[in-house]
Amino acid sequence: MSFLEDESSENGRTGRTKMESFFFSCELSSQVPFYTFQGDEEESLEQYLDLRTICLGSGAKEESNVVEVTALNHRGKKVSVPVANLHISCLPMVSMGEFEVKTPVTFRLKSGSGPVCVSGIHLIAFEDDEDDDESDVSEDMEEIDDDIIPIKPAKKQQKL
C-alpha cells in the first residue's frame with residue numbers, strides 16, 4: 001500500500017489522499033470473450049486499472065488474438081481501442097508499461113480464441129480526514145526517539 005499526500009479543495013478541507021493497490025488478472029477465451037471490471041460505486045472513491053501485461057496463455061493456437069479495451073474518455077464517452085495483437089510465433093506478450101484507465105473497464109477478445117491473460121494493478125484513491133493517523137505517527141516517532149542511544153565520540157590515545 002502506498003500513500004500520497006494531497007490537499008483537497010472540496011468544502012475547504014485539507015485531507016490526506018490515500019492510495020491502495022491490489023493485483024488483478026483476468027483470462028479471455030472463446031468461452032469467455034469479455035470481462036468487465038466494475039469498481040465499488042462509492043462516490044468518495046477514485047478507481048483505476050493500471051494495465052501491465054497482456055499475454056497468451058498455455059494452449060493458445062497459431063492465430064491472431066486481438067484484445068480491445070472499452071472505457072470512458074476524458075469527455076465521458078465510451079471508447080473502444082485495440083491494445084494488443086498477439087500471435088504465438090511472433091508476439092506472445094505485450095508489456096503495457098503503466099497504461100492507466102478509469103473504471104468501469106471492459107476487456108474483449110475481438111478476434112482469436114485465446115486464452116489471453118490481462119493483468120495489472122487495481123488502484124483505489126480515497127480521502128482520509130482522520131487526525132488519528134497523524135497522532136499515531138507522532139507517538140511512534142516519540143517512541144523511536146526514546147529508544148535511540150546517543151553515540152559518544154571515541155577517545156584519542158596519545159603516543160608517548
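Reader: Which residue in β6 does glutamate 68 stand opposite?

Author: This is a predicted model. Glutamate 68 stands opposite proline 82 in β6. Now widen the view. β5 (residues 65–72) and β6 (residues 78–86) are antiparallel, paired over eight bridges.

Reader: How many residues lie between the strands in the hairpin of β5 and β6, and which glycine takes a positive phi?

Author: Five residues lie between them. Glycine 76 takes the positive phi, near 85 degrees.

Reader: Which residue in β8 is the bridge partner of valine 67?

Author: Leucine 109. β8 (residues 105–111) runs antiparallel to β5, and five bridges join the two.

Reader: Is β5 mostly covered or mostly exposed?

Author: The general idea comes from the sheet: in a regular strand, side chains alternate between its two faces. Here β5 is mostly covered, with seven of its eight residues buried.

Reader: Which residues touch the most other members of the largest nonpolar core?

Author: In soluble globular proteins, nonpolar side chains tend to be buried together. In this model the largest nonpolar core has 23 residues, and Ile54, Val67, Phe107 and Val118 touch the most other members. β2, β4, β5, β6, β7, β8 and β9 each supply at least two residues. β4 gives the most, with four.

Reader: What does isoleucine 54 touch, not counting residues up to four places away in sequence?

Author: Its contacts include Val67, Val83, Leu86, Met93 and Val118. Pro92 and Cys117 are also among them.

Notes:
Residues numbered from 1 in each chain as written. Predicted model: local features only at pLDDT ≥ 70, side-chain atom pairs only at ≥ 80, totals over all residues. Heavy atoms only, no water. Buried < 20%, exposed > 50% of the residue type's maximum accessible area, 1.4 Å probe, protein only. Pairing = 2+ DSSP bridges. Core = buried A, V, L, I, M, F, W, Y, C linked by side-chain atoms within 4.5 Å. Contact = heavy atoms within 4.5 Å.
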